[in-house]
Amino acid sequence: MIYTVTFNPAIDYIVRMDKPIDIGMTNRSVSEDCFFGGKGINVSTILKNLGIENTALGFTAGFTGDAIVESVQKKGIIADFIKLKKGISRINVKLKSDEETEINAQGPKISKEAFEELLQKLDKLTAGDVLILAGSIPSTLPSDVYEIILDRLKDKDVTFVVDATKDLLKNVLKYHPFLIKPNNHELGEMFDTVLKTDDEIEAHAKKLQEMGARNVLISMAGDGAMLVTETGECFRVGVPKGTVKNSVGAGDSMVAGFVAGYMKTKDYRVALNMGTAAGSATAFSDDLATGELINSIYETLK
């Protein structure tokens, strides 16, 4: 089974306006949408859209948390969230007019007892299971929560996938994650430099391998993606053609597509292309991509 963890899921409330926001006055929208997610849930959604069964773990609270769990279940994903006793799960407001403005909420407090309950759920993972950790850590959890989780599972032969940045990512490399996915800018920041060429990106990806990472997937926005594998290969893929509509969830989709492609074929080239197709498909969609669109884009990358 594949498990994802979303510590601080949210409802993204998208408000579209046909004129600039007038601060201090009443403004009226032209349309609204609600999207339910968080990085782990986004990964779970794309995996399910590609036919991969998985379980979404994490924390929810209040009526908004109930709505998030219901949305996950409607997608056919196994929802195993811990219901917090106080607060509500986040509502993030995205205002889209002449400019985009985001207001991201803090989210509910996660108690020590609730975190321990999550750890006990993770203790049930067994050899062959996959655990995907993605995103930042809420302020109410220990800053080393990724390390706590991976250290607890290190002897269980669980496959780890980590999508995080800077020290949060560096500190888990000692647990030899199967896959990490920095973008090219994040990769440079980890070494206090700016990477300008493919050779520089590949060299610094190999430094992360020396620190413990098995496979390093580097997303490069309009320049495509690169994969440096534990078998010593380096694969490069460009960007499919399409109109970019959305950046939310594209990175999560790439992680999910890669995992789905590798699980089905054990082929790194296929995994890279499927990850690229999934990330691009979400970028070309209003919401997370459908399996049909991902597969159609994948066919153009063979």
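# A guided tour of the helices and selected residues

Begin by selecting helix 9 and helix 10, where Val270, Asn273, Met274, Ala277, Ala278, Ser280 and Ala281 in helix 9 meet Leu293, Ile294, Asn295, Ile297 and Tyr298 in helix 10. Please note that the model on the screen is predicted. Helix 10 covers residues 291-299, and its axis comes within 8 Å of the axis of helix 9, the two crossing at roughly 125 degrees. Helix 9 and helix 10 are therefore oblique to each other. In this pair, helix 9 passes helix 10 in a right-handed crossing.

**Second stop: helix 8 against helix 9**

The crossing of helix 8 past helix 9 is right-handed. On the helix 8 side, the contact is made by Ala250, Ser253, Met254, Gly257, Phe258, Gly261, Tyr262 and Thr265. On the helix 9 side, the residues that take part include Tyr268, Leu272, Gly275, Gly279 and Thr282.

From its first C-alpha to its last, helix 8 reaches 22 Å with 16 residues, close to the 22 Å expected at 1.5 Å a residue. How many of the 16 residues of helix 8 are buried? The number is 12, and helix 8 is thus described as mostly covered. Among the buried residues are Asp252, Val255, Phe258, Val259 and Tyr262. Move on to lysine 266, which follows helix 8 and has a positive phi, near 60 degrees.

Next, select helix 1, residues 39-49, together with helix 8. The two pack at an angle of about 45 degrees, and their axes are 8 Å apart. Helix 1 and helix 8 are therefore oblique to each other, and their crossing is right-handed. To display this meeting, show Lys39, Asn42, Val43, Ile46 and Leu47 of helix 1 with Asp252, Ser253, Ala256, Gly257, Val259 and Ala260 of helix 8.

Aspartate 163 is placed in strand 9, residues 159-163. Is aspartate 163 buried or exposed? Aspartate 163 is buried, because its relative accessible area is 8% and the limit for a buried residue is under 20%. Apart from its neighbours within four places in sequence, aspartate 163 touches Lys39, Leu133, Ala134, Gly135, Lys181, Gly251, Asp252 and Val255.

Select residues 198-210, which form helix 7. Its 13 residues reach 18 Å from the first C-alpha to the last, close to the 18 Å expected at 1.5 Å a residue. Within helix 7, colour Ile201, His204, Ala205, Leu208 and Gln209, which are buried. They cover an arc of only 160 degrees around the axis, which puts them on the same side of helix 7. An α-helix has 3.6 residues a turn, so residues three or four places apart point the same way. Turn to the other side of helix 7 to find Asp199 and Glu210, which are exposed. What covers the buried residues of helix 7? The cover includes strand 10 (179-180), helix 6 (184-190), strand 11 (215-219) and strand 12 (225-228). Just after helix 7, select glycine 212, which takes a positive phi of about 135 degrees.

Most residues other than glycine have a negative phi. Select alanine 221, in the loop between strand 11 and strand 12; although it is not a glycine, alanine 221 has a positive phi of about 50 degrees. Alanine 221 is exposed, with a relative accessible area of 70%. Then select lysine 166 in helix 5, residues 166-170. The phi of lysine 166 is also positive, near 45 degrees, and lysine 166 is partly exposed, with a relative accessible area of 43%.

**Last stop: leucine 95**

Finish at leucine 95, in strand 6, residues 90-96. At 18% relative accessibility, leucine 95 counts as buried. Beyond its neighbours within four places in sequence, leucine 95 is in contact with Val15, Ile21, Glu100 and Thr101. Isoleucine 21 is 74 residues away along the chain, yet the C-alpha atoms of isoleucine 21 and leucine 95 are separated by 8.7 Å.

Methods. Residues numbered from 1 in each chain as written. Predicted model: local features only at pLDDT ≥ 70, side-chain atom pairs only at ≥ 80, totals over all residues. Heavy atoms only, no water. Helix = DSSP H or I, 4+ residues; strand = E, 2+ residues; numbered from the N terminus. Expected span 1.5 Å × (residues − 1). Buried < 20%, exposed > 50% of the residue type's maximum accessible area, 1.4 Å probe, protein only. Arc of directions from axis to C-beta. Contact = heavy atoms within 4.5 Å. Left-handed = near helix turned anticlockwise from the far one by under 90°. Axes fitted to C-alpha atoms, helices over the stretch in contact; angles between N-to-C directions. Parallel < 35°, antiparallel > 145°, perpendicular 65-115°, else oblique.
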